[in-house]
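Here are a few notes for when you have the model open. They go from the cavity to the helix beside it and then to the cores.

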Amino acid sequence: MRAVLLTGSNLEDSRAHLASVEKDFADELVAASRIYRTAPWGGVDQDDFLNQILIVDVAETPHELLARCQRLEQDAHRVREVRWGPRTLDVDIVALYGDGGEEITVDTPELTVPHPRAHERAFVLVPWLEVDRGARLGGRGVDKLASKLDDEVTPL
């Protein structure tokens with residue numbers, strides 16, 4: 001299964017936190033975007049985020065992959081106190097694809113894929129397009145979705 005992951009951090013050594021995810025998936029890594037600086041999303045006053053898209057080929061089920069992502073967050077001492085608040089590490093599953101390239105959807109209390117707000121977030125779409133110009137989300141071209149957004153994301 002191919003997975004598109006979004007990593008984000010705005011606390012402590014953000015670059016090191018993002019690097020820890022890339023290291024954990026090193027053997028499965030297909031592509032990694034540059035790191036982007038993005039303004040916080042969700043109305044909480046906080047520092048800018050560093051974000052990166054990783055595309056990985058994994059053997060886990062979607063829920064096993066979620067558990068792995070949550071373990072990485074826990075290893076970075078992620079605390080969930082404020083929705084959309086500051087964090088040491090966030091690892092989101094943006095999209096999943098089967099071996100034939102078909103989009104996989106998951107809708108359980110624990111996991112929703114594709115990510116329900118990915119199409120609204122330039123900090124997801126812009127780095128994703130960097131590593132996959134033909135990316136599709138929910139049957140739509142990510143390039144078309146990104147062109148409708150005016151949020152600024154800055155590659156570092």
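1. Start with the lining of the largest cavity: Leu-6, Asp-92, Val-94, His-115, Arg-117, Ala-118, Arg-121, Phe-123 and Val-124. Keep in mind that this is a predicted model. Strand 5 and helix 3 are the elements that give two or more residues each to that lining.

2. The volume is about 40 Å³, and the count of cavities of 30 Å³ or more comes to one.

3. Helix 3 runs over residues 122-131 and is mostly covered, with seven of its ten residues buried. Those are Ala-122, Phe-123, Val-124, Leu-125, Pro-127, Trp-128 and Leu-129. Phe-123 and Val-124 also turn up in the cavity lining.

4. Now the largest nonpolar core, which has 23 residues. Leu-5, Phe-25, Leu-65, Ile-93 and Leu-96 touch the most other members. Strand 1 (2-9), helix 1 (14-24), strand 4 (49-57), helix 2 (62-75) and strand 5 (90-97) each put in at least two residues. Helix 2 has the largest share, with four.

5. Have a look around Leu-5. Leaving out residues up to four places away in sequence, Leu-5 touches Phe-25, Gln-52, Ile-53, Leu-54, Val-56, Leu-65, Cys-69, Asp-92, Ile-93 and Val-94. Of these, Asp-92 and Val-94 are also among the cavity-lining residues.

Definitions and conventions. Residues numbered from 1 in each chain as written. Predicted model: local features only at pLDDT ≥ 70, side-chain atom pairs only at ≥ 80, totals over all residues. Heavy atoms only, no water. Buried < 20%, exposed > 50% of the residue type's maximum accessible area, 1.4 Å probe, protein only. Core = buried A, V, L, I, M, F, W, Y, C linked by side-chain atoms within 4.5 Å. Contact = heavy atoms within 4.5 Å. 1 Å grid on protein atoms, 1.4 Å probe; cavity = no way out; pocket = protein on both sides within 12 Å on 5 of 7 lines; lining within 4 Å. Points joined across faces, edges and corners; volume = space filled by probe spheres on them.
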